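Open the model in your viewer and keep the selection panel at hand. This tour goes stop by stop.

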Amino acid sequence: MYKTESKRVEDSRTETVQIVMSGDTSHNGRLFGGRLLEWIDIVAAVVARRHSGSEVTTVSIDNLSFKAPAYASNTVVLIGQVTYVGRTSIEIKVETFVENLHGERKIINTAYVVMVALDGDERPSPVPALRIESEAQGAEFEAGKRRHELRKQRREDLSYK
């Protein structure tokens with residue numbers, strides 16, 4: 001059972017900006033993947049909290065595709081938005097860009113993060129449905145549904161008998 005209200009993708013969309021500092025990089029000046037993962041997880045949590053109106057926890061990060069590096073002193077922009085919701089789970093797509101000094105952005109990473117909403121006892125809690133308002137959002141929702149089924153199958157395959 002979903003919560004009765006529904007929310008739009010734009011209601012929880014989140015954008016954050018980081019400047020890559022020397023402490024965020026490896027010996028060759030490239031952004032550590034683990035640091036980027038931390039930033040992605042934070043953005044996804046904010047999106048999920050805004051959508052659900054409750055505390056959340058990370059369940060999985062089932063896709064993390066590095067397309068290009070970021071280097072020390074780069075401006076990194078992370079944009080997260082809900083792509084799919086289940087009964088208690090929320091899938092968030094987080095796209096990461098390097099932004100140059102003229103404001104032009106180049107995508108460097110795409111991640112799909114699954115969060116689960118929690119009630120006061122830290123048990124899974126129903127989330128609002130997602131109100132689809134465009135063809136692109138509908139396509140992303142359908143793809144999210146397929147990813148949800150794949151995750152379910154993976155859990156079954158990995159469970160110990």
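The stops below run from the whole chain to single residues.

**Before you start**

This is a predicted model: local features need pLDDT of at least 70, side-chain atom pairs count only at pLDDT 80 or more, and totals for chains, interfaces and linings use all residues. Numbering starts from 1 along each chain as its sequence is written, and side-chain values use heavy atoms, with hydrogens and water left out.

**Stop 1: the whole chain**

Show the protein chain as a cartoon. Two helices and seven strands make up its secondary structure. Both kinds of element are DSSP runs numbered from the N terminus: helices are H or I with at least four residues, strands are E with at least two. Trace the chain from the N terminus and the order reads β-β-α-β-β-β-β-β-α.

Now zoom out. The C-alpha trace spans about 50 × 40 × 30 Å along its principal axes.

The protein chain exposes about 9,100 Å², and carbon and sulfur atoms supply 51% of it. Areas come from the Shrake-Rupley method with a 1.4 Å probe; for residues, only the protein chains shown count as cover. Of the 161 residues, 40% count as buried. Buried means under 20% relative accessible area, exposed over 50%, and partly exposed in between.

**Stop 2: the sheet**

Select β2, β4, β5, β6 and β3. In that order, these five strands form an open sheet with antiparallel pairing. β2 (14-19) and β3 (55-66) stand at the edges with a single partner strand each, so one side of each has no neighbour in the sheet. Neighbouring strands are turned by 25° against each other on average, direction ignored. Strands pair if DSSP finds at least two bridges between them.

β3 and β6 (residues 105-118) run antiparallel and are joined by 10 bridges. Pick Leu64: its bridge partner in β6 is Ala111.

**Stop 3: the helices**

Select α1, residues 33-52. This helix lies across β2, β3, β4 (75-85), β5 (89-99) and β6, at about 45° to β4. Next, select α2, residues 135-158. α2 packs on the sheet, touching β3, β4, β5 and β6, and its direction makes about 80° with that of β4. Axes are lines fitted to C-alpha atoms, for helices over the stretch in contact; angles run from 0 to 180 degrees between N-to-C directions. Contact means heavy atoms within 4.5 Å.

**Stop 4: the core**

Which residues touch the most other members of the largest nonpolar core? Show Leu78 and Ile92, out of its 30 residues. Such a core is a set of buried Ala, Val, Leu, Ile, Met, Phe, Trp, Tyr and Cys residues joined through side-chain atoms within 4.5 Å. α1 gives the most, with seven residues.

Stay on Ile92 and show its contacts. Among them are Ala44, Val47, Ala48, Val82, Ala111 and Val113.

**Stop 5: two loop residues**

Most residues other than glycine have a negative phi. Select Ser73, in the loop between β3 and β4. Its phi is positive, about 80°. Ser73 is exposed, with a relative accessible area of 58%.

Finish at Glu122, in the loop between β6 and β7 (128-131). Glu122 also has a positive phi, near 60°. Its relative accessible area of 64% makes Glu122 exposed.

Notes: Buried < 20%, exposed > 50% of the residue type's maximum accessible area, 1.4 Å probe, protein only. Lists of a residue's contacts leave out its neighbours within four places in sequence.
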